[in-house]
Amino acid sequence: MTATAAEQNHLSSPSHPQRWLILGVICLAQLTVLLDNTVLNVAIPSLTRELDASTADVQWMINAYSLVQSGLLLTAGSSADRYGRKKMLIAGLALFGIGSLVAGLAQTSVQLIAARAGMGIGGALLMTTTLAVVVQIFDETERVKAIGIWSTVSSLGFAVGPLIGGVMLDHFWWGAIFLINIPVAVIGLIAVARLVPESKNPSGERPDLLGALLSTIGMASVVYAIISGPGHGWTSGQVLLTAFVGVAVLTGFVLWELHIPYPMLDMHFFRNQKFIGAVAGAILVAFGMGGSLFLLTQQLQFVLGYEPLEAGLRTAPLALSVVALNLTGLGARLVPKLGTPLTIASGMSLLAAGLAAIALLGGDGYGGMLLGLVVMGAGIALAMPAMANAIMSAIPPEKAGVGAGVNGTLAEFGNGLGVAVLGAVLNSRFAALVPAAVGAASLPAALASAGDAGERARITDAFASGLETSQLFGAVAVLVGGLLAAVLLRRAERTESARADSTGTPAAA
């Protein structure tokens, strides 16, 4: 399914006169939401001490936010399309601000977990409505650049969360990392109320309540299985059961959406090669970025010996490269010149090259890793905006919220999948190389059991070898997937051009 001529006119509607100011406001809200995905990690020692939190409590403090957010993304996007994107943006900011206040003042682990879940609801509404609003207020000539800036905020939030958390904890108590969100939420509420135009699906489709329930349960179950797999073991009953429930419920969701007149997610989108190509690329960009940062933090600390904050600072060039290239509008200028398929293929190839550089050059020092991070950043800066734009342009504009929900869900899924798959490759290689006398599958446990310095050196070398193997595996997966996405997008463009030539109507964007 591609956009009709009427939909193209909608897509080409004039830009909003205050569009760049609105973009700044929603990007600030987006940044706050993304920071809270990672900012809590550095506060774990403080939470354990001051709230007397157990290991399970800490895991739920961290995971409650991402589980609720990822489970509700599609539902939030559909609600924004039906009830109004401005309304849902205001609701998201309010829920996020209230949740942050409760979290900052929490006195028990249960209170903090509940507050984080509430923040996840607000985060899901913000993640979907911000991108949907970008699509509505920018015309075709500026949309790629605007989405590039929006994507930049995503990369920046993912990378600098631990750094901001560390700085806050050096000067304030742990609750301050949540209370700092409140002024942002208040500013955002005022600005959105005054500046953002309302938009929604004019057809007034009925709400798909069962679809919303199935998508929420299914996505939350799958993400939980991915999150808990490394800790509990991929073959544990808990992980396998949760994964099975998630896949079964999502299968039910697909069947339900295929047989109702007003589906939350129109499955016919998946017949569109342009949509499929962009979806595949989006998953693999998140796969490479999430998995590589997961491995990099371990390599910097366990192999190269940096402290946590030092390790976080040394991953910053990745985000800084993305920010620098997207703010200069490089990707937005290249898409019209190279075309979406070639832009995505170039970006994914650079991302794969960066992963390979880290694998082959980063084991002995930070110089090779720095090169790889900068190249990865360049690849992400090219590929992410082009793919987000391809996803959104493959979906009718009245379904922009659902499109944003799909984009956000793919990012969550790809990130979790990257951590899971590349982590599994690392653990498999490490377990195969570590001395049989140690028999441990984790580096800290293996080092603690080592008998002498020589054995500890062999264990560290084995871990470094596992990191190299997993990064190379990720590089190959990203490269192959990127080329496949580009081929699918190119075929879709040719099909649309042939259809346009035969009917005499403009091709879909």
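Figure 1. Thr343 is found in helix α15, which covers residues 340-361; here helices (H or I, at least four residues) and strands (E, at least two) are DSSP runs, numbered from the N terminus. The model is a predicted one, in which local features need pLDDT of at least 70 and side-chain atom pairs count only at pLDDT 80 or more, while totals for chains, interfaces and linings use all residues. Residues are numbered from 1 along each chain as its sequence is written, and side-chain values use heavy atoms, with hydrogens and water left out. Thr343 counts as buried because its relative accessibility is 1%, where buried means under 20% relative accessible area, exposed means over 50%, and partly exposed lies in between (1.4 Å probe, protein chains only). If residues up to four places away in sequence are not counted, Thr343 touches Leu334, Val335, Leu338, Leu382 and Ala386, a contact being heavy atoms within 4.5 Å.

**Figure 2. The chain as a setting for the close-ups.** The chain holds 19 helices and 0 strands. Of its 509 residues, 56% are buried. Among the contacts in the chain with a separation of 6 or more, 82% are between residues 24 or more positions apart.

**Figure 3. Two nonpolar cores.** A nonpolar core is a set of buried Ala, Val, Leu, Ile, Met, Phe, Trp, Tyr and Cys residues joined through side-chain atoms within 4.5 Å. The largest nonpolar core has 61 residues, and those with the most contacts inside it are Leu23, Leu40, Leu47, Met61, Leu112, Val134 and Phe178. Helix α6 (residues 109-137) gives the largest share of this core, 14 residues. Val134 touches Leu23, Ile26, Ala146, Ile147 and Trp150, when residues up to four places away in sequence are not counted. Another core, of 59 residues, lies apart from the largest one, and among its residues are Val285, Ala332, Leu355 and Met387.

**Figure 4. Helix α2 against helix α9.** The axes of helix α2 (residues 19-35) and helix α9 (residues 181-195) come within 10 Å and cross at roughly 150°; axes are lines fitted to C-alpha atoms, for helices over the stretch in contact, and angles run from 0 to 180 degrees between N-to-C directions. The two helices, α2 and α9, are therefore roughly antiparallel to each other, given that angles under 35 degrees count as roughly parallel, over 145 as roughly antiparallel, 65 to 115 as roughly perpendicular and the rest as oblique. On the α2 side the contact is made by Leu21, Ile22, Val25, Leu28 and Thr32, and on the α9 side by Asn181, Val184, Gly188, Ala191, Val192 and Leu195. By class, the residues of this contact are 8 nonpolar, 3 polar and no charged, where Ala, Val, Leu, Ile, Met, Phe, Trp, Tyr, Cys and Pro count as nonpolar, Asp, Glu, Lys and Arg as charged, and the others, Gly among them, as polar.

Figure 5. Leu195 has its place in helix α9 and is buried because its relative accessible area is 16%. Leaving out residues up to four places away in sequence, Leu195 touches His16, Gln18, Leu21 and Ile22. Leu195 and His16 are 179 residues apart along the chain, and their C-alpha atoms are separated by 9.9 Å.

Figure 6. The axes of helix α12 (residues 273-303) and α17 come within 6 Å and cross at roughly 45°, which makes α12 oblique to α17. The crossing of α12 and α17 is right-handed, and the residues of their contact divide into 17 nonpolar, 8 polar and no charged.

Definitions and conventions
Left-handed = near helix turned anticlockwise from the far one by under 90°.
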